[in-house]
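The following exercises concern one protein chain. Please work through each task before reading its solution.

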Amino acid sequence: MKILTVGINHKTSSIESREKFFLTSMERELLLSAFKNDPSVIAAIILSTCNRCEIYASVDDDYQPHEILKKLFSLKHQPQTHELQKLFYVLEGQEAVVHLLRVACGLDSLILGEKQILGQIKEAVLLSRQNAMMDKTFNILTNVVLETAKKARRETHIDFGGSSVSWASVCMAQNILGTLQDKTVLILGSGKMGRLAVEQLINKGVKKIYIMNRTIEKAEELAKHSGGIAVPFWEMKEILPQVDVCICSASCTHYLIDRDLVENTVRARDRKKLVCIDISVPRNIDPQVAEVNGVCLVTVDDLDRVVQDNVQKRLSAAQQVEEIILNKVREFYQVMDKIRLVEEKNTLIYSPPLVGGVRGGGNKK
């Protein structure tokens, strides 16, 4: 048995490539089902976020990583071309384990020290457990992962100064406009990233927050707890001209804001600057919006620039986190070695005796 990681992330590819392999919850379940039907795959965890799509699998020793890619490409209806395949990395054994711990601690994130990734890993583990795709090794490994991430954040400054994509998007808006205190903001999507963005905006003292969501009840719930104003999607044309910033954290598979809408919006605002920040993957704001005069379009790949002020303190903490990870990896393999020795001992104790050259079962003659 061996542990494999096959993945694509913000370091190996652009958002244009990553969004082709973003997996919805249903798609993750379908992929887990495909792994479940493969006798060579013992366990699997699928992590799909705005920055990465990674598959962690416990497989037979002779299992090849291209089998994982074949299933992923088939699910996403993507041609398995050399150009797309080379965007993916493959890690095996201890390298795969170290990588998972680095991801959980925020060392492999676009925003160094990002906190949100740990919750996303927990959700991925829960989905695998619900689909019966966790084994003893992965249960132990994921416990180590959670312990390591908590220890890293408890004992170091890896998340110093704010460390979520939502936080970075609000900081980016502030950097572009100078201040947010007299500004009006529209939030598209009231999920976790939307909620975090609202919290950050409140801390910045924004004048007004509009909240849109496909389900108006969820928008109303977030608005009630934040002092924002819930508005339905069909009022987009009326609301967008009133705002200075639009932060899109929806989870749609199509563009919610296109170029024509933004051009009309800018005309209605007398060319006053509009900042559009799209932290959705797949993207929900048409990239052509960037070509409209008076509009600044920011995507998730642009957000690493906002943490430069805190980067030195985080880099120092990152070295401490790397040491924590190496110690935890050693502990993991020590536990696995002990389990293997116990299992081998039990096999020797309880194996039926050899009878007639074969093990067990035969009648004495």
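Predicted model: local features only at pLDDT ≥ 70, side-chain atom pairs only at ≥ 80, totals over all residues.

**Exercise 1. The overall chain**

How many helices and how many strands does the secondary structure of the chain contain?

Solution. Residues are numbered from 1 along each chain as its sequence is written, and side-chain values use heavy atoms, with hydrogens and water left out.Step 1: helices (H or I, at least four residues) and strands (E, at least two) are DSSP runs, numbered from the N terminus. Step 2: counting these runs gives 13 helices and 12 strands. Step 3: the C-alpha trace spans about 100 × 45 × 40 Å along its principal axes.

**Exercise 2. Burial and contacts**

State what percentage of the 365 residues is buried, and what percentage of the contacts between residues at least 6 apart joins residues at least 24 apart.

Solution. Step 1: a residue is buried under 20% relative accessible area, exposed over 50%, and partly exposed in between (1.4 Å probe, protein chains only). By this rule, 53% of the 365 residues are buried. Step 2: a contact means heavy atoms within 4.5 Å. Among contacts between residues at least 6 apart in sequence, 72% join residues at least 24 apart.

**Exercise 3. Cysteines**

Solution. Step 1: a disulfide is a covalent bond between the sulfur atoms of two cysteines. Here the test is a pair of cysteine sulfur atoms within 2.5 Å. Step 2: the closest cysteine sulfur to that of Cys50 belongs to Cys248 and is 12 Å away, which is too far for a bond. Step 3: for Cys248, the closest cysteine sulfur is in Cys246, at 6.0 Å, and this is also too far for a bond. Step 4: the structure holds 0 disulfides. Both residues are buried: Cys50 has a relative accessible area of 11%, and Cys248 has 0%.

**Exercise 4. Backbone details in loops**

Which peptide bond is cis, with omega near 0 degrees? Where does His77 lie?

Solution. Step 1: the cis bond runs from Val281 to Pro282. Pro282 belongs to the loop between strand E9 (274-278) and strand E10 (295-299). Step 2: His77 is in the loop between helix H3 (65-75) and helix H4 (82-85). Its phi is positive, near 55 degrees, although His77 is a residue other than glycine. With a relative accessible area of 72%, His77 is exposed. Step 3: Ala132, which is not a glycine, has a positive phi of about 55 degrees. Ala132 sits in the loop between helix H6 (116-130) and helix H7 (136-155).

**Exercise 5. The nonpolar cores**

Which members of the largest nonpolar core touch the most other members?

Solution. Step 1: a nonpolar core is a set of buried Ala, Val, Leu, Ile, Met, Phe, Trp, Tyr and Cys residues joined through side-chain atoms within 4.5 Å. In soluble globular proteins, nonpolar side chains tend to be buried together. Step 2: the largest core has 37 residues, and Leu101, Leu107, Ile121, Phe138, Leu141, Ile325 and Phe332 touch the most other members. Step 3: at least two residues of this core come from each of strand E2 (41-48), helix H5 (94-104), H6, H7 and helix H13 (311-350). Step 4: apart from this core lies another, of 35 residues, including Ala168, Ile209, Val281 and Leu303. Step 5: leaving out residues up to four places away in sequence, Ile325 touches Val98, Leu101, Arg102, Cys105, Leu107 and Thr148.
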